[in-house]
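Reader: Hi! Could you walk me through this protein in simple terms?
Author: Happy to, let's look at it together.

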Amino acid sequence: MSQKFTLNVNGADHAVEADPDTPLLYVLRDDLGYNNPHFGCGLGQCGACTVHIDGKPVRSCVRPVSDVGNQKVVTLAGLGTPAKPHPLQTAYVQEQVPQCAYCINGWIMTAAAFLRDNKKPNDEQIRDALANVKCRCGTHMAILRAVKRAATMMG
Ligand code: FES
Ligand code: FES
């Protein structure tokens, strides 16, 4: 049975009505129009649907909307703006990372949370942090360059 929830997304409150078990991803995309988080596997395995909840990367395809409560949700669109992009967004452009770009949301949202807590990561730490994000186009080396570039910009 549907229930009413208030979700704070990118700083704005939204009233939504959904079954409590509905994945947060579906509510973000289908009800609220936040389409940066993508549906990839739907099983919590690829990362395409990642958002931040109270600053932590969360796979929204397996997070019920009823679990969010008063926590703050941030999507890729809330990470930076065209006028003031997040360093990772700038680095992705400078390193020309994307191919099909379907996976980008997962990589940037996961890396953004990692870089916030790890100011000068080495290659191994970056690889470990991003080990469970998938890209079928094989952009991994470009991603590594972009994350290192962003770390330098943020350092
Ligand atoms: S779509 Fe959520 S982890 Fe793959
Ligand atoms: S750029 Fe195509 S899946 Fe990563």
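Predicted model: local features only at pLDDT ≥ 70, side-chain atom pairs only at ≥ 80, totals over all residues.

Reader: Great, let's start with helix H4. How many residues does H4 have, and how far does it reach?
Author: H4 covers residues 104-117, which makes 14 residues. From its first C-alpha to its last, H4 reaches 20 Å, close to the 20 Å expected at 1.5 Å a residue.

Reader: And is H4 mostly covered or mostly exposed?
Author: Mostly covered, with twelve of the 14 residues buried. Among the buried ones are Trp-107, Met-109, Phe-114 and Leu-115.

Reader: Switching topic: what is phi of Asn-10?
Author: Phi of Asn-10 is near 50°, a positive value in a residue other than glycine. Most residues other than glycine have a negative phi.

Reader: Where does Asn-10 sit?
Author: Asn-10 is in the loop between strand E1 (3-9) and strand E2 (12-18). Asn-10 is partly exposed, at a relative accessible area of 27%.

Reader: What about Asp-54, what is its phi and where is it placed?
Author: For Asp-54, phi is near 50°, again positive in a non-glycine residue. Asp-54 lies in the loop joining strand E3 (50-53) and strand E4 (56-59), and Asp-54 is partly exposed, with 46% relative accessible area.

Reader: Last one: what volume does the largest pocket have, and which residues line it?
Author: The volume is about 170 Å³. Its lining includes Cys-46, Cys-100, Tyr-102, Lys-134 and Arg-136. By class, the lining has seven nonpolar, one polar and two charged residues.

Note on methods
Residues numbered from 1 in each chain as written. Chains lettered and ligands numbered in written order. Heavy atoms only, no water. Helix = DSSP H or I, 4+ residues; strand = E, 2+ residues; numbered from the N terminus. Expected span 1.5 Å × (residues − 1). Buried < 20%, exposed > 50% of the residue type's maximum accessible area, 1.4 Å probe, protein only. 1 Å grid on protein atoms, 1.4 Å probe; cavity = no way out; pocket = protein on both sides within 12 Å on 5 of 7 lines; lining within 4 Å. Points joined across faces, edges and corners; volume = space filled by probe spheres on them. Nonpolar A, V, L, I, M, F, W, Y, C, P; charged D, E, K, R; others polar.
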